[in-house]
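Here are my notes on the model you sent over. Have it open while you read, and go through the points in order.

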Amino acid sequence: MIHSLFLVNSSGDIFLEKHWKSVVSRSVCDYFFEAQERASEPENVPPVIPTPHHYLISVLRHRIYFVAVIQSEVPPLFVIEFLHRVVDTFQDYFGVCTEAAIKDNVVVVYELLEEMLDNGFPLATESNILKELIKPPTILRTVVNTITGSTNVGEQLPTGQLSVVPWRRTGVKYTNNEAYFDVVEEIDAIIDKSGSTITAEIQGVIDACVKLTGMPDLTLSFMNPRLLDDVSFHPCVRFKRWEAERILSFIPPDGNFRLLSYHVSSQNLVAIPVYVKHNITFREGSSQGRFELTLGPKQTMGKGVEAVLVSSQLPRGVLNTNLNPTQGTYTFDPVTKLLSWDVGKINPQKLPSLKGSMSLQAGASKPDENPTINIQFKIQQSALSGLKVNRLDMYGEKYKPFKGIKYMTKAGKFQALLSN
Amino acid sequence: MDGFDSAVQCVTVLYWVCDPQMIARGKNASDLFPAVVKNVACKNIEVKKLVYVYLVRYAEEQQDLALLSISTFQRGLKDPNQLIRASALRVLSSIRVTIIVPIMMLAIKEAASDMSPYVRKTAAHAIPKLYSLDPEQKDCLIEVIEKLLADKTTLVAGSVVMAFEEVCPERIDLIHKNYRKLCNLLIDVEEWGQVVIINMLTRYARTQFLNPNMNESLLEEGGGEKAFYGSDNDDDTDDEEDKEEKEKKKTEATAIVKRKPYVMDPDHRLLLRNTKPLLQSRNAAVVMAVAQLYFHLAPKAEVGVIAKALVRLMRSHSEVQYVVLQNVATMSIKRRGMFEPYLKSFYIRSTDPTQIKVLKLEVLTNLANETNISTILREFQTYIKSNDKDFVAATIQAIGRCATNIGEVRDTCLNGLVQLLSNRDELVVAESVVVIKKLLQMQPEQHSDIIKHMAKLTDNIQVPMARASILWLIGEYCEHVPKIAPDVLRKMAKTFTNEEDIVKLQIINLAAKLYLTNSKQTKLLTQYVLNLAKYDQNYDIRDRARFIRQLIVPTDKSGALSKYAKKLFLALKPAPVLESPFKDRDHFQLGSLSHLLNAKAGGYQVLPDWPEAAPDPSVRNVEVITLLERVTTLTSVPEWTKCSSREKRKEKKADKPFYSDSEGESGPTESADSASDTASGSESGSGSEESGSGSESEESNEESESASEEDEEEEGKKKKKNVEKIKARKPVPESERIAAIACLFTLAQHQTIHDCSPVFEKTLCSFLFLVDPAPSPSQVTPLNNFLSSSLVTDLEGLSLTDNVLSPTTIIPSGNLKTYELLHRITGEGLSVEYCFSRQPFSPDPHMVAVKIQFTNSATSEAKSLHVEDAKLQSGMRIKEFPEIEVLPAGETVSVVMGIDFCDSTQAANFQLCTHTRKFFVSIQPPVGELMMPIFMTENEFKKEQGQLMGMNEITEKLTLEEKCQGEHAVVQRVTTAANLSRVPCGSDKECRFAGKTVTSGSLVLVSVVTKEDGAAQLTVNCEKMVIGTMLVKDILQALTQ
């Protein structure tokens, strides 16, 4: 299946390669570089590139291309999904997945890649198993290793691989038993010139951090499970139980994992938490334009809107801007034409606004592109869809765990189209 | 490398050695090979692992030295720890050195019957590795695959199907017996395995089931009915009303066509039902695999469920989106209704990468219809103002396609496009021109003003493609713009020399057309243009000019063609069809690489068309169902009391250790799995264990612990009384053994795999104590083989071939091992058994004689039994038995047929036909039956043996079982296992046997030397190494059990 893997950085150097079958010359990447040159933006490189003898399937994460070399038919998503899993694992191990981090931990990277694929077919991709095989590097362990001469490779053989609960390692012990769940919702919306919603949908996840001794069997129930009609689960969730009772029943992996992700579509009325009022005018023939933007909260259930950040790609004709924010700071980059305004917290009594003028290229005609505004924000302690966890129970172990749940709403791809 | 103080130092150096950067710089690290390989036996795990990495990487270049390390791995293969066995196999099979192929083969075969499912999984992984190293091993590997396919653990399923896909995807017949099991296990298999299995099952289902949309397609084809039902055969099936209407239509249609209504095969339904939950997987590849399965296999009304899942995937990484959108684009052409409710999810965001934007446009265009076109067009209008010029161009083309597909909006679209002609961006204008040209071709009469408008554009627009399009339009419709056309030609003639080639060609075209319609005004201009073209640099243009001049300008020499010039140039041209590039892509399996590239990728398996008539569904029948009936009767037998026999059981445990360290702690999901594991695991496990040092391994210790836990558990669970009763019984008669197994299956069936409790599982495990581990030649129909083979081991007493030459061999032919060919149930009353009669097959001495016995236990007589349609491996031949004309009810008849197996243990597949039915059957010979005895003196034997040394000789040490000590017993067992004759020998410590393979006549020499305390040494010499290794295994088994 997967023949080889090349890691290419943003400047086009191959800084790591790994082969699972016979060695493929790195010249095969030339086809990739060609495609990269043709693409205007880094993300426009086609994920699948056919070459005379191989196929290259690549993903771009953290400005690194992960290029897999394939020799014969294989579902492309299979490879793409696997590559993303590799990146997730690196991130899990090193905190960040950057070229520097990979180079610093090259030994661990090789060991991981060796375990994750056997002859090109995924072998161990569960983080719990991998962590048993290869211990993640920490500063302390590095020091200890250097002194004592021990290594990162686990001395124990991973028994999890053999069991039918392959996602959980065995023999877990904690003094404080705790289980935390974060319900995080991202709202994606497109709002048109007049302020009405074109699309709005919510993408939600429940991330868990479970540190429980032994083999706990958890059940999680919701107040309003009907909201969850479009869900995907971690493999540990018993699907039949969910179908029948709408209860999440599972033996959790140890540590951090994503329990489920869900999607609340536009059919279920999604309330938009903020509104934008704007007035942007370019006059034909004049070298000045007016810019006015006001933000306000809307249906936030009494929770404050925080960490608001507004950014917009202004038309190419704009030379500079002279704007006054009522709060926060704004910057405009005359080269990339990117306007960004860090608003901070919205005060419902005194709405933040940004007003002023833009100077346009002299003699240039009225720009006809359609600028859009991207808005980011956070609302703590509230899930926009109204999803609420009812209770969490534990079976199979005797102790009493500490339980916690947190809600948060964030803006995902939240766009407002501006008139011109 | 030996002198390092610490492992760290060693590791550092090794990394330096393994670093590909260094290799890239041209320094070859392979010089260090001997020094590195020495460390293979190092205790430090990290060093060991690195040596493995290094070894795998460089072994191909340093073959001889790599061999040094092999023995370490061979030792590892025998390690009591399953993880060490597995990793030894993993590395051994990754070393790409051809010379060790036989060793690998042996190791894989052994691992395939290992008791640990994890080792078996590794064996499955090793199969494609060996296959890529030496494709000649295919036949043997298929055997291993067949065996592993029968495995019932979720751990193995994914890996073995992957091996199946790489080695023998064409052997779809291997799947039959495992089909239902795979469907049922699917949800618990790890995600990567799920993808592979689902894709394979899609292909399988296409060959085995009928098209569920059969009736619909009939309806569509039946042209007469079409008008009656309205012309749209779109599949907007999603609303309830529509569905009902469809139902109605369907029934009516069937009434008309007079076809019996389509009934879905329950197996087909099983597949659809068991895959559906996986749409909820977090793994995009799994979701996509299920989606394509539904698209290719489900009835139209059910396909809709996948839309939601696919739309969800679009929220994932952009690469995932890219692939999903490609597939959605293909699907949306065929099943538009499915995605219509999700129209808004395909709206484009300014932050999407261009390639995603273009794909979304494609989907939006496919989804456009009369009702939603206005929304879509409004959306398109916003897109046209985007910064991204490639995207704008794609949008304009999309508008063009909407306009051609939906007549109502054609004028609106055209107007919109004409407005774009005044856009400041030249690219936008050019693209619009090209699209307008295509649209105008459909109804040019009404649009002469647009053509005029476009004619004016020639002054400004510079993009060659657009200029060419305008010129072509004016030329084509010059009668609609009689005044402007000559003027345009005049202007173009002026700039002719500076134009691009495609524009020049169109100028010549325009000139020619005008000359033909309006020669008065344009004669001179045309001449001028043609003269210019005559001296052009491009030979295409020169050619064209010369050709056109000859054709249109009448001269005295001009040929017959010029008469037709007008017809040639001004013929009515068909309007271009603006089609989606995704049309008809669905002949590739969706989700595949080939589909994405729209070109066949290497190794792509074509998705077959539905068969006209469904093949025999009974091939998928497994025994379970029939046994249920028997269980109900057997479990009610009163004499089964919970008598006391715990001590006895313990005894039994002691002599038959039950190794399953992993199963003991396995969680609540697996049930049937662990059951089968132990059945197959203990079979080989006990063999190798006894032959070893005899010391108790840690596993058996652990096992007895877990077994005693079971005892405690047992106390409490009185609910499953029947179960316990069976368990309590010690000297288990045959019939009860069957009952026990049957019970297991029943329970396993009732208990949904996901929810079964550990208690239940333990009961299952303890059940297996009852089932004596007996060798079953093929795992496909385990029950019958259990029965027959254990019978045979019991009866094994007297052995013999009635070969005159060898007086020392003694099996009365009545005691030959019989195998089942066709079970009474599947055969509908006809049961067929076969045995290898060990008599020479007189019509052809190169064939193995197979005695086949038919028993008709049905109530009616069976007629004309004969063989048909043999599917044989290359080189194999078959000599059919004469047709049996009538077999009355209750009668039994025997016939003999000959099969030339080509000295391989490949099964011979053929159809057994009666006057009413056909059954697919296969005969697979044990290796011992592929040979025939020959007579030899002791001296001859020694001489021949001397010539078959080295790789042709295989020696194994073993410990003879108690009952088997003594010359007589050894002779019996060896001759039962293989068709050999004894060679006279002076010493009573040594038994020798000789034979030759039936087809090629290669010598097979076996000698067993016994020593004190039951220790013995087995030597097999055979030219054919594969035969040799398999024979060793068989004889070992015969001698140690």
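1. A:L7 sits across from A:F66, a residue of β5(A). The two strands involved, β1(A) and β5 (residues 64-70) of chain A, run antiparallel and are joined by six bridges. Strands here are DSSP runs of E with at least two residues, helices are runs of H or I with at least four residues, and both are numbered from the N terminus. Two strands count as paired if DSSP finds at least two bridges between them. As a reminder, strands of a sheet pair through backbone hydrogen bonds, either parallel or antiparallel.

2. A word on the ground rules, since this is a predicted model: local features need pLDDT of at least 70 and side-chain atom pairs count only at pLDDT 80 or more, while totals for chains, interfaces and linings use all residues. Residues are numbered from 1 along each chain as its sequence is written, chains are lettered from A and ligands numbered from 1 in the order in which they are written, and side-chain values use heavy atoms, with hydrogens and water left out.

3. β1(A) and β2(A) make a hairpin with five residues between them, and A:G12 in the turn has a positive phi of about 85°.

4. Is β1(A) buried or exposed? Seven of the seven residues of this strand (residues 2-8) are buried, so β1(A) is largely enclosed by the rest of the structure. Buried means under 20% relative accessible area, exposed means over 50%, and partly exposed is in between (1.4 Å probe, protein chains only).

5. Now chain A as a whole. Its secondary structure comes to seven helices and 23 strands. Of its 420 residues, 56% are buried. Take the contacts (heavy atoms within 4.5 Å) between residues at least 6 apart in sequence: 68% of them join residues at least 24 apart. The accessible surface of chain A is about 17,700 Å², and carbon and sulfur atoms account for 50% of it; such areas come from the Shrake-Rupley method with a 1.4 Å probe, and for residues only the protein chains shown count as cover.

6. Over in chain B, have a look at the open sheet of four strands, which has the order β6-β4-β8-β9 and antiparallel pairing. Its edge strands are β6 (884-887) and β9 (918-923), each pairing on one side only. Neighbouring strands are turned by 35° against each other on average, direction ignored. Axes are lines fitted to C-alpha atoms (for helices over the stretch in contact), with angles running from 0 to 180 degrees between N-to-C directions. Strand β4 (residues 862-871) pairs with β6(B) over three bridges, and B:A862 stands opposite B:L887 in β6(B).

7. How many salt bridges are there over all chains? The count is 45, where a salt bridge is a side-chain nitrogen of Lys or Arg within 4 Å of a carboxyl oxygen of Asp or Glu. One of them joins B:D267 and B:R180 at 2.8 Å, N to O. B:D267 is buried at 5% relative accessibility, whereas B:R180 is partly exposed at 22%.

8. Another salt bridge is B:E476 with B:K513 (3.1 Å, N to O). B:E476 belongs to helix α28 (residues 464-476) and B:K513 to helix α30 (residues 501-517), 37 residues apart. Both B:E476 and B:K513 are buried.

9. The side chains of B:E929 and B:R838 also form a salt bridge, at 3.0 Å, N to O. Here the partners lie in loops: B:E929 between β9 and β10 (931-933), B:R838 between β2 (830-836) and β3 (848-856), 91 residues apart. B:E929 counts as buried at 11% relative accessibility, and B:R838 is buried at 9%. Elsewhere, salt bridges that share partners join A:K18, A:E114, A:E115, A:D118, B:R90 and B:K129 into one network.

10. Lastly, B:L155 in helix α10 (residues 154-167) of chain B. B:L155 is buried, with a relative accessible area of 14%. B:L155 and B:G193 are 38 residues apart in sequence and 8.8 Å apart in space, C-alpha to C-alpha.
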